[in-house]
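The following paragraphs lead the reader through selected local features of the structure shown here.

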Amino acid sequence: MSKEQVGVDGPRWASAGLVLRGFGLYYPEEQIFNSDVAAVPGNSIDASVLGTVSVRSRHRSSETETVQFMAAEAGKAAVKDAGLEPTELDLLVLSNWTTPPFTPEYGPEVAALLGTPRTLAFDISGACVGFLHGVQTAAAYLHCVPEARHALVVCSEQFSRRVRPGSKGELVASDAAGAVVLSKSTEKSGLIDVVLHSDGSRADVIRVAAPRGWIRSESTLPDHAVTSIVDSCAEVFRRTGVTMDEVDWVVPHPGTDVVHRRVRTALEVPEEKFIVNFETRGNTSSASIPIVLAEQIAAGRFRPGDLVLSPAIGAGWYSGAMLYRIH
């Protein structure tokens, strides 16, 4: 494909020899079924942002199921799935925004829990775009450090802590961790492109304010979300020359029913290609994309060579999309 066809910048990682090769997840033991919860009255903002709450069940972590614990459990599963030992990791990138520490960061402790305490590890945020941010960061590190071979990107979120108790949002927010191993390979690169953008002029669309730290979204959230996702996907398609017809699966960060429906319509994605676990797991923030990948690959639904598009938006305002093949 010529430069004229894909645009002068072209796909960022198509020739880098990077593959997503191991997948893992962790769900807290407590699973809450919304049918067991009294109906929560909504308001105009709830209705415009959440629409009809289709989440049937969600997870809430206990005091012992910390961000670090969940991350380590998901990380262990991903490393094992990749056929590696934790000591082979050169980098660990942890995404978390829901319960961030002042200090120390979670990343080094997660590496220690994995049994590799001297592996370089650090935290990132980016809200619900954290998985894309983590993959981009890990890819850059592997690309620039010749001796580095394997990176673990793990997303661990306690979203249930960030919603007001008794609110309609409580029926949607969920806790979980998901992880992916990114490795150098002599084969064709599985990671093709990642685009990421921020727009501080839209910072007020989603805010989590002190002192309680409960999330607040503006009623315009779906408008911003759909526009950002469509723009990010269009940029990836322009850079790579790929069309939606060539994409096997769209695995987005699942925000709300309203956003899902509008994104599917705007991108003209057949419903059978649009894969989220929103109804059974809720909104798990940055962990959402890697846990879906782990579930679908384990189930045999996603197969080697399948082309996947993963768009996401996050408070900040962040937006992006990632195009990759299943290894």
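Thr-99 lies in the loop that runs between β4 (91-95) and α4 (106-113); helices (H or I, at least four residues) and strands (E, at least two) are DSSP runs, numbered from the N terminus. The structure is a predicted model, in which local features need pLDDT of at least 70, side-chain atom pairs count only at pLDDT 80 or more, and totals for chains, interfaces and linings use all residues. Residues are numbered from 1 along each chain as its sequence is written, and side-chain values use heavy atoms, with hydrogens and water left out.

Thr-99 counts as buried because its relative accessibility is 16%, where buried means under 20% relative accessible area, exposed over 50%, and partly exposed in between (1.4 Å probe, protein chains only). Apart from its neighbours within four places in sequence, Thr-99 is in contact with Val-67, Tyr-106, Gln-158, Arg-161 and Arg-162, contact being defined as heavy atoms within 4.5 Å.

The cysteines may be considered next. With a disulfide defined as a pair of cysteine sulfur atoms within 2.5 Å, the count is zero. Cys-155 takes part in no disulfide, and the nearest cysteine sulfur, which belongs to Cys-128, is 10 Å away. Cys-155 is buried, since its relative accessible area is 0%, whereas Cys-144 counts as exposed because its relative accessibility is 62%.

Helix α6 (residues 221-240) contains 20 residues and spans 28 Å from its first C-alpha to its last, close to the expected 28 Å; the expected span is 1.5 Å times one less than the number of residues. Just after α6, Gly-241 adopts a positive phi of about 80°.
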